[in-house]
Amino acid sequence: MLDYLSKLLPLLGFLAGLFLWRVQLIGKRRTEIAEEALLIFDRAVEALNYVRIPGSISGELLAMRKEIDCSQDGEIPGEKYRITLWRLQQKNDRFADLRRVQLLCRYHFGEDAYAAFESILSVKKDVWVAANMGLARLNTGATFTPEEGTRLIAREALIWAGVSEPDCVADTISKAQHDLEAVLKRHLRADAAFLPIADAWSAIRRRIIRSIGSSKPRGPDR
């Protein structure tokens, strides 16, 4: 029996070492993805905040006018909406990166992480749609009814920061960033490589507790 155990122990040690190596590899990969995701998310938030700045920053109008009609003189109709669309185009690569890492976060960290990315991408889409609608409505030259004026104010509150108080778009962005950090920051800890074991053990404990609770005899009906 002892001879059998002495032969079995090295194999068990090898398998345990292989398991720990695999766990550490997964944990390290998750840490790398979490770091990349937080950085890309922060860059997308920075881009979105820049897109929503009211008015124009030095040099932007000249660059936009040159792209549109190769002229740097004179105002282009609907410039206040065009500058938003131009900014979105300039920062499009950041939102493309956001979509890529969003899928990785869904696979590795679940739906809570995915939802935070979806909030930012939805805000970006809403701003784009509102700016296009404002530009299209302006190009018609028609007068606004009171109802259309109310809708215009709502659209412009989406496009530009500070147009309305509270700024619901800014609140959505801030909440999404907070939610993502709550999910991912634990994977930046020194012991992050062992989180898969801890998570698996927590899941097993929850299942055991649920099964014990469901197997308890119920009292007589009253």
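C105 is buried, its relative accessible area being 0%, whereas C168 is exposed at 54%; here buried stands for under 20% relative accessible area and exposed for over 50%, with partly exposed in between, for a 1.4 Å probe and protein chains only. The count of disulfides comes to 0, a disulfide being a pair of cysteine sulfur atoms within 2.5 Å.

This is a predicted model, in which local features need pLDDT of at least 70 and side-chain atom pairs count only at pLDDT 80 or more, while totals for chains, interfaces and linings use all residues. Residues are numbered from 1 along each chain as its sequence is written, and side-chain values use heavy atoms, with hydrogens and water left out.

The protein has 8 helices and 0 strands, where helices (H or I, at least four residues) and strands (E, at least two) are DSSP runs numbered from the N terminus. Of its 222 residues, 32% count as buried.

In helix α3, the buried residues include I83, L85, W86 and L88.

Helix α3 (residues 79-90) packs against helix α4 (residues 92-109) at an angle of about 55°, with the axes 4 Å apart, the axes being lines fitted to C-alpha atoms over the stretch in contact and the angles running from 0 to 180 degrees between N-to-C directions. Where do the two helices meet? L88, Q89 and Q90 in α3 meet N92, D93 and F95 in α4, contact meaning heavy atoms within 4.5 Å.
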